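Subject: Structure handover

Dear colleague,

Please find the structure below, with the sequence. My notes on it follow.

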Amino acid sequence: MSRPNVVILLADDMGWGDLGCYGSAIPTPNIDRLASEGVRATNCHSASAVCTPSRYALITGRYAWRGPLKNFVLMGHGPALIETARPTLASLLKSGGYATGAFGKWHLGLGWRHRDGSVRSAFSPGAVLHDDIETDFGRDIDYTAPVTGGPLELGFDRFFGIAGSLDMPPYAFIDQDRTIGVPDREKSPYLTEQRPGLQVEGFDESTADTSFTREACAFIEAQTGPFLCYVAPSAPHRPNVPPEFIRGASGLGDRADGVCLVDWIVGELRSSLEAIGALDNTLFIVTSDNGAPMIFTDDGDVNVHRPNGDWRGQKGDLWDGGHREPFIVRWPGQVPAGTSTDAPICLTDVMPSALAAASIDLPAGAAQDGQNILDLLRSMSAGDSERPIVHHSLGGRFALRSGRWKAIFSAGSGGGFSEPSITDLFATGSGKAHPAPPWDAAHPAGQLYDMDADPAETDNLWDREPKVVASLYSALRDICGDPTSGLAFDVPLGSVGSMA
């Protein structure tokens, strides 16, 4: 067999419980078919509970907190987050003779040129990565200039997509390294949860994912050799504006219709692979960047449909609802059909596994947080049940799971979206909330769960198992390397009560 093509679909905010093959009532026949023809993982985790750091980890095989971004996400005009010299999934496959294309949401920062000629760097001393509404509006951006530091400089031959999410400016498509048109007017109308900023004339969110899909399918159908096609739809991230041919497909509202849209995209990609006779020589992966949110106005009734299944929490959280992901792999002749695995997997594993499938060596030091899981997917290995996997929250807090144990080095959700949130835990008597301080020597309380006995994370064993907590803390420090990761290295354990 010739080297396989690699197709990766990374949905946006699609939860563990959103797909039919994971027990959902949302109809997802195309994805369910992939699962029946391949392997479905039940214990896969994104490297972060939010968008930007999760995507960084998939593209680079390393946790994002090893770089400049220690918490939260970038906005649409955030600076390029990946050094152009860093090996990526795309650059290494390209070096091995693969054509490479990326379509959809980028959200890893770009080198936008400002009207004064400057381009922000994420690596400058004191660099500001998090834009407020005013600085992200886009008034001072020269949209006639090409962007730098993006997909084309990180190994992709072809890019068609958007800078961030559909809820942040600029409201414009990017073709290769330039916007299609010039964002020169304020967004109108603003849809659910959209941030203020500029748009190009006639920008229509409902066409975004169909446009990404059209370009991805055209890329596939033009290939005569091995290729990587990375597709990152905006669905089902807010604002949920499914096209008319999808609207109502779920019977559960616009967000659930967005899941149906993701399923339609999978079907279109499959059809293009079939058209060039490449389907059965393709490593086809479907997954998501983080858990689903359950607090926004277009999320639907989360009591009727639980997008994260029975896992506690949601997007942003250190509880499993924040980062446990659907993960489906089809690769005929290599991955046995109709199988599943509960072995621990992280999205940092995608890069080393895809390179191994392509028979391309991983350079020393690259993808330092990923593992080649091909033998696991092939059912030739049971995997390492004790493998440590780091979780990271919206607020930049840490958790570590290994075997049956999961330690959360934070109070509450870890600075996620769930109650009690990062602001609720340290509200003053006046009722004015203040951000919770980081987990440190002055605030060493945390959470420990036995995920075998208590997968719902309801019984906090932090005070009852101090040796386990200390062991996991030591292991986490070894993985993080030093305090620049954002983890405090000098916290005394066992002397302060827990806080669930």
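Which elements do the buried residues of α2 pack against? They pack against β1 (5-11), α3 (89-95), β3 (99-105), β9 (227-232) and α6. Contact here means heavy atoms within 4.5 Å, and buried means under 20% relative accessible area, with exposed over 50% and partly exposed in between (1.4 Å probe, protein chains only).

First, the conventions. This is a predicted model, in which local features need pLDDT of at least 70 and side-chain atom pairs count only at pLDDT 80 or more, while totals for chains, interfaces and linings use all residues. Residues are numbered from 1 along each chain as its sequence is written, and side-chain values use heavy atoms, with hydrogens and water left out.

Overall fold

The protein chain has eight helices and 17 strands; these are DSSP runs numbered from the N terminus, helices being H or I of at least four residues and strands E of at least two. For 500 residues, a compact globule would have a radius of gyration near 23 Å, and the 22 Å of the protein chain agrees with that. The radius is taken over C-alpha atoms, and the globule rule is 2.2 Å times the number of residues to the power 0.38. Along the principal axes, the C-alpha atoms fill a box of roughly 60 × 55 × 50 Å. Buried residues account for 60% of the 500. Of the contacts between residues at least 6 apart in sequence, 73% join residues at least 24 apart.

The largest nonpolar core has 60 residues, and Y230 and F327 have the most contacts inside it. Helix α6 (residues 350-357) gives the most to this core, with five residues. Apart from it lies another core, of 48 residues, including I162, V259, C260 and V262. A nonpolar core is a set of buried Ala, Val, Leu, Ile, Met, Phe, Trp, Tyr and Cys residues joined through side-chain atoms within 4.5 Å.

Leaving out residues up to four places away in sequence, Y230 touches I8, L10, R55, L58, I59, G101, A102, F103 and F156. R55, L58 and I59 are among the buried residues of α2. Ten of the ten residues of that helix (residues 51-60) are buried, so α2 is largely enclosed by the rest of the structure. Just after α2, G61 takes a positive phi of about 75°.

Two single residues

F159 sits in strand β4 (residues 158-162) and is buried, at 2% relative accessible area. Beyond its neighbours within four places in sequence, F159 is in contact with A102, G104, W106, P151, L152, I174, D175 and Q176.

A441 lies in the loop between β16 (405-409) and β17 (447-450) and is partly exposed, at 38% relative accessibility. With the neighbours within four places set aside, A441 contacts D490, V491 and P492.

Backbone points to check

Most residues other than glycine have a negative phi, and most peptide bonds are trans. D13, in the loop between β1 and α1 (29-36), has a positive phi near 70° and is buried at 1% relative accessibility. E457, in the loop between β17 and α8 (466-480), has a positive phi of about 55° and is buried at 0%.

The peptide bond from P169 to P170 is cis, with omega near 0°; P170 lies in the loop between β4 and β5 (174-175). A235 and P236 are also joined by a cis peptide bond, with omega about -5°, and P236 is in the loop between β9 and α5 (254-275).

Regards
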